Amino acid sequence: MLAATSRVDQIETHPVDVLVVGAGGAGLRAAIAAHEAGASVALVCKSLLGKAHTVMAEGGVAAALGHVASADTWQIHFRDTMVGGKLLNNPRMAQLHAQEAPERVRELEKWGAVFDRTRDGRILQRPFGGHSHPRLAHVGDRTGLEMIRTLQDRAVAAGIDVYMECTISHLVTGPAGVTGAVGYWRTTGEPIVFPAKATILATGGIGKAYEVTSNSWEYSGDGQALAYQAGAELIDMEFVQFHPTGMVWPPGVRGLLVTEAVRGEGGILRNKDGERFMWRYLPEDRRAEYAADDAEAARWVTALSAGRETDARRPPELSTRDNVSRAIYNEVKEGRGTPHGGVFLDISYLPADLVRRKLPSMYEQFKELADVDITKGPMEVGPTTHYVMGGIRVDADTGAATVPGLFAAGEAAGGMHGANRLGGNSLSDLLVFGARTGAGAAAHAATLPPSYVDPVQVQAAVRELAAPLERVDGEDPYAVQRDLQTMMQALVGIYREDGDLGTALDRIAELRARWGGIGVSGGRTYNPGWNLVFEIRNLLTVSEAITRSARQRTESRGAHSRLDYPATDDETWGHRNSVIRRRKDGTMEVLTTALPKLPGELQTLLGPAAH
Ligand SMILES: Cc1cc2nc3c(=O)[nH]c(=O)nc-3n(C[C@H](O)[C@H](O)[C@H](O)COP(=O)(O)OP(=O)(O)OC[C@H]3O[C@@H](n4cnc5c(N)ncnc54)[C@H](O)[C@@H]3O)c2cc1C
């Protein structure tokens with residue numbers, strides 16, 4: 001094993017044009033695009049190839065193909081996305097996303113993805129919350145698996161170099177921006193260096209900052225924290241999506257996602273008194289988009305099951321995620337929850353074979369993990385931390401971050417989804433902006449000579465990696481992680497208020513001090529405790545960014561709900577993105593910048609919804 005004082009020229013080194021950190025949908029699509037543009041590419045992921053979050057995606061990928069509702073267009077998709085994001089989205093990103101998603105989905109089909117079909121053989125589309133029309137191309141409830149399989153085949157066939165079980169822990173900077181990265185093999189603990197003309201961060205989200213989450217261990221905000229350390233801006237970090245339906249029982253699987261496809265296929269939410277409570281929570285200004293009563297909602301479900309278009313409007317369960325999450329939270333808080341602190345979600349009134357065919361993973365998940373047959377009775381569900389709308393600020397067209405040489409795509413990037421993401425809009429985001437960012441990074445790399453990485457920074461990174469192994473009697477990393485997650489869940493959760501957010505910042509400072517004293521036993525080989533140390537470092541950065549942004553935004557909007565500022569304040573906040581930057585002294589600065597201007601033609605598309 002290399003000691004902390006090892007010479008930099010002894011470290012395994014791979015110079016490339018484009019380094020892609022993360023091999024989920026965004027990273028894979030970016031790597032393919034950069035390769036096609038003629039760049040040499042290294043694709044790095046901290047687990048095995050194919051095990052990213054994208055593979056867990058269930059419900060589908062949103063694209064206005066118009067196969068089920070012929071009236072659907074990119075313009076309506078754009079409007080839905082902006083309205084769902086409470087108009088805080090970067091309008092150019094929302095436009096490119098809506099315009100290009102259909103082509104990216106068709107391309108995936110050409111590359112071998114086999115989607116569910118309509119009766120006349122076209123890609124089938126299902127409804128989801130906040131989408132005006134059935135829009136999600138899907139493969140049962142295993143869409144992400146098909147997407148990853150297809151992209152992975154394409155990337156491997158193209159001969160792209162893949163570095164699996166390899167964590168990027170530090171970016172290296174120079175006068176001209178980011179010049180590469182340092183990481184280590186998880187298998188051996190040996191360091192590795194990638195001098196790169198362009199570095200793309202496609203590392204996904206931040207869910208592991210919270211106690212209850214649908215996310216796996218991989219979502220520790222690595223990309224956001226690395227970008228911040230390198231001087232890039234993060235935007236809108238207060239907007240963390242709490243998905244309304246995670247499992248609540250048994251405790252070992254609390255937080256595991258119950259796909260929105262259950263509600264998309266007709267699932268009904270009820271409280272312990274049997275009341276279909278979502279009728280009470282529909283926002284008045286959008287009430288006309290939803291069914292008038294149970295009978296109209298039932299007509300909508302019947303038409304959907306038969307694959308027919310209908311004039312019936314959608315059921316109240318298909319309100320946006322932020323709204324449904326708050327509704328469930330309130331029902332439980334006011335004493336109308338289930339025995340395990342959730343509400344009931346029932347799809348058992350539909351034919352059992354239809355439920356098993358449309359929702360095979362959900363059927364197995366509940367049968368295996370909770371001993372519940374969802375074709376015979378309701379599921380118990382409650383909110384779970386799921387997605388971060390905020391992230392690394394990027395240029396819409398190229399994915400360039402605010403530091404030269406650095407790019408970002410997928411969940412790690414911010415701007416596309418505003419204050420709240422619509423279901424299905426992440427998989428399409430990965431495809432559209434993965435492709436654009438890969439091309440953008442390759443174009444940037446084509447202008448540059450081979451990259452030089454500063455050996456002093458590499459040496460400092462290697463020393464930081466070694467430090468916890470030298471503190472054998474230090475603090476347990478698992479205890480620090482648990483305390484951070486419990487604190488974020490309690491103080492920076494679905495509802496926030498100034499006092500709690502102030503306390504959270506004090507706690508984060510204490511936890512950061514404890515982080516400096518973490519020690520791990522054992523060596524570097526397959527040592528998850530040692531790996532966790534650097535994930536906690538990143539989680540502390542993103543937790544502080546979330547908390548500072550949440551404290552600054554004195555209004556409620558989308559996924560950000562303030563008890564002390566319950567109203568949406570368009571005048572002060574409607575045109576402002578929250579921005580996080582690192583000051584020269586290493587402390588975190590929070591400020592706001594004006595939202596990019598909405599061009600006239602897009603304003604027209606939004607109609608009365610526009611500011
Ligand atoms: C259970 C579940 C269901 C979902 N269902 C849907 C759905 O139906 N439709 C939809 O649109 N969205 C859905 N989402 C959201 C969507 O799946 C994610 O937002 C999306 O897959 C993120 O893709 P990504 O490429 O940005 O990141 P990921 O797919 O998570 O990939 C991140 C990659 O980065 C790597 N990585 C991270 N840190 C490092 C590091 N330091 N060094 C090296 N590699 C690193 C990881 O190993 C991984 O390869 C779902 C999410 C979950 C959790």
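How many residues surround the ligand, and which are the closest?

## The ligand shell

The shell holds 40 residues, and the closest are Thr54, Gly59, Glu218, Asp222 and Glu411. A residue counts as near if one of its heavy atoms lies within 4 Å. This is a predicted model: local features need pLDDT of at least 70, side-chain atom pairs count only at pLDDT 80 or more, and totals for chains, interfaces and linings use all residues. Residues are numbered from 1 along each chain as its sequence is written, and side-chain values use heavy atoms, with hydrogens and water left out.

By class, the shell has 16 nonpolar, 18 polar and six charged residues. Nonpolar means Ala, Val, Leu, Ile, Met, Phe, Trp, Tyr, Cys and Pro; charged means Asp, Glu, Lys and Arg; the others, Gly among them, are polar. Helix H11 (425–445) is one of the elements that supply at least two residues. H11 gives the largest share, four residues. Helices (H or I, at least four residues) and strands (E, at least two) are DSSP runs, numbered from the N terminus.

## Contacts and cover

An oxygen atom of the ligand is 2.7 Å from a polar backbone atom of Gly59. A ligand oxygen also lies 2.8 Å from a polar backbone atom of Leu427. The protein covers 98% of the 1000 Å² of accessible area that the ligand has on its own (Shrake-Rupley method, 1.4 Å probe).

A cis peptide bond joins Trp249 and Pro250, with omega about -5°. Pro250 sits in the loop between strand S12 (240–247) and helix H6 (261–264).

Technical notes
Polar contact = N/O pair within 3.5 Å; in protein donor to acceptor, adjacent residues only side chain to side chain.
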